[in-house]
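Hi there,

Here is the structure I promised to pass on. Please have it open while you read my notes below.

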Amino acid sequence: MSALKRVQQWATFARVWHIYDASWQNPFKSAELLKKYLMGLHKPIYHPMNDCGDHVIVINSGDIALPGDEWKRRVYFHHTGYPGGATWTLAWELHSKDPTMVLRKAVYNSMDGNLQRRYTMERLHLFPDANVPTNLLKNVSNQIQQLKAKPKRLDHYSENQVKQFPKIFDYPKDYILK
Amino acid sequence: MVFTTAINFVRARGPDEFWRKRKIFKLSAHFVGRKRNCYSIAIRYVHRALAYATKGRKLRKIDMANLWETRVRAGCEQHNINYDTFREGLVRSDILLNRKTLADLSCWEPYTFKSLTDIAKRRALDDGLAGISSDNKLDGIITKGCLNRNK
Amino acid sequence: MSLFKPTFSVLRRCVALNVSIRTSESRSIKRWVAPTLKELYRRREKVGPEPEKPRSSYLEWNYEAEVFAFGKRLGEEFDRDILKKALIQKEYANIQEIKAKETGQNLPTITDNYELIPEGDGIISSYVMTELSKKYPEDIAKAVTNYLTSEEMLSYIASHIGLKDLILTNEFPVANSTLCNTFKAVVAALKQSQNLAQAEKFIHDFVLSQLNGKNVYEIWDPKEPYKYLTRLLHQRGIKEIEPRLCNQSASNTVLACFQVGLYSNRELLGIGWGESVHIAKDTAALDAIQRVYKNYTTQLENK
């Protein structure tokens, strides 16, 4: 094979590192998105035997937003294998113990349950906040767009922006707020 | 001399079983262990292998079609179009390409695939299909059909 | 028997019984066939593989007919004597002479192909070089000529034409160098039988056609592509090349991929990828060289 063909092959199958900001995102919907990149389903050259999955670095996984009252209702079951070793952990409890676990389990459970799954999960790098080691950040060459825009807090807007925002109605002047 | 009793001792034996068993051993040559060499064990696994081969012919077609579809979906995603919208747009434009061809084009002919997605987007926008909105920049895409329709 | 392939039909039992015992007939493979075949296989394995023998030692070999057929098969009119001369090796001719002297017979002088070889070599090299120079620049033409006229290639062509059975040599199996030399001698013989134009057509059909399906850039490889490119572009008036890193992915890992583009005056010369920036730059240079040479024929025509 000539040198040009060799490097063309190398470039086609090169592994890409993506970065994803999970703050204010639904972990279960994010999992569906991330698993595509981890398995290589976003590439037209996809094949399960091809090893074409990419790396994904997820930051702010401690700031994920579960829908509704999932924080209170969702339980994670674990059994140690020994008698009386069953534990039912609520989502908020798990999150306080390890902020990356909810998203990690979400991604794991969204994948097909085949032997590739554990190896594919190795390519997912979760960080609870934005502190990522620099040697990992140097590899990154793409950012995955967030599913839902991160809402801005009211006190983070400037006074001018708040005043100029169009109002549908306002309280009557003699109305007394409690 | 005529031996009239000798003929009674001649037994008719069946054909040599070597050849019948050889037909099975040829098929079990790549198996592991006794399944390869011992007839009564090999015959079971050979029958199973043949049955799997028969069923697998149908499954292979299904698997290949699924793989092609996955690849076309990936290609569509790269061009910001929904797969169903893409297929519908192509069919309405009389481009009746199958999944296999579309998958090959998405891998090997990226410019051709882009032009196909453009045609599909244009048609989807004109027909008002759900997947496309006029937010997508489609002003640069003009097809012969769209000119006739706009008349 | 050297070509002994036992099949069911070869071994036939001689039925030499004086007493007729009426048995029922069975059409299946007889019980004695399998053990006999096994025994024969065992014996054959024990003795070892059959040594390869030249075709001329087998039955139905008519050298005159084969030499005649050789020319006809290739569609070329050869002068019989010159062709025969081209097929005899010098060492073989010497041994024949020595044998003739020992036995005391006076055989006619056996000519050999010693003079024909360099003549044929010259014809082939010059024709291939001229043909390739029409399409490719000098460096590539030289490299491809070396590839096509190498011993390996010519011996491959010779053995597939049928010269392996026709050559008269002392050694068996016929060495690659002998095949190569004989091919050259045959080309020279064709030139002497007919004319240079016919010989050149022959070379075109058999030697140049080996390029079918091959990429010329797999055969030719400049050692330091970037330096070669700078020299090449200097000749065409482009003084400065600007290499730029276009893309990179996974730069800290083993599977790093860098994309380098070579630009001159904001115009793209070539793109290349590589495991490191250095390799990517080299492949970009190779790509630039190929782009420059792609328009070589059109440049020549315009001249």
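The largest cavity in this predicted model is lined by Ser2(A), Ala3(A), Leu4(A), Tyr217(C), Trp220(C), Asp221(C), Pro222(C), Leu286(C) and Gln290(C). About 50 Å³ of space lies inside this cavity, and the count of cavities of 30 Å³ or more comes to one. Sorted by class, the residues of the lining are six nonpolar, two polar and one charged.

Which helices each supply at least two residues of that lining? They are helix H1 (3-12) of chain A and helix H13 (277-294) of chain C.

Next, have a look at Arg31(C). This residue sits in the segment before helix H1 (33-47) of chain C.

The neighbours of Arg31(C) come from chain B: leaving aside residues within four places in sequence, Arg31(C) is in contact with Arg13(B), Gly14(B), Pro15(B), Asp16(B) and Glu17(B). Two backbone oxygens are reached by the side chain of Arg31(C): that of Gly14(B) at 3.2 Å and that of Pro15(B) at 3.4 Å. To give you a sense of scale within chain C, Arg31(C) and His204(C) are 173 residues apart in sequence and 59 Å apart in space, C-alpha to C-alpha.

One more residue for you, this time in chain A. Asn26(A) is found in the loop between strand E1 (17-21) and helix H2 (27-39). With a relative accessible area of 19%, Asn26(A) is buried, because the cut-off for that word is under 20%. A polar atom of the Asn26(A) side chain lies 3.1 Å from the backbone nitrogen of Phe28(A). Not counting residues up to four places away in sequence, Asn26(A) also touches Ala65(A) and Pro67(A).

Happy browsing, and write back whenever you like.

Best wishes

Terms used:
Residues are numbered from 1 along each chain as its sequence is written. Chains are lettered from A and ligands numbered from 1 in the order in which they are written. This is a predicted model: local features need pLDDT of at least 70, side-chain atom pairs count only at pLDDT 80 or more; totals for chains, interfaces and linings use all residues. Side-chain values use heavy atoms; hydrogens and water are left out. Helices (H or I, at least four residues) and strands (E, at least two) are DSSP runs, numbered from the N terminus. Contact means heavy atoms within 4.5 Å. A polar contact is a pair of N or O atoms within 3.5 Å; within protein, one must be able to donate a hydrogen and the other to accept it, and residues adjacent in sequence count only if both atoms are side-chain atoms. On a 1 Å grid over the protein atoms alone, a cavity is a set of points where a 1.4 Å probe fits but cannot get out, and a pocket is an open set with protein on both sides within 12 Å along at least five of seven lines; lining residues have an atom within 4 Å of a point. Grid points are joined across faces, edges and corners, and a volume is the space filled by probe spheres set on the points. Ala, Val, Leu, Ile, Met, Phe, Trp, Tyr, Cys and Pro count as nonpolar, Asp, Glu, Lys and Arg as charged, and the others, Gly among them, as polar. Buried means under 20% relative accessible area, exposed over 50%, partly exposed in between (1.4 Å probe, protein chains only).
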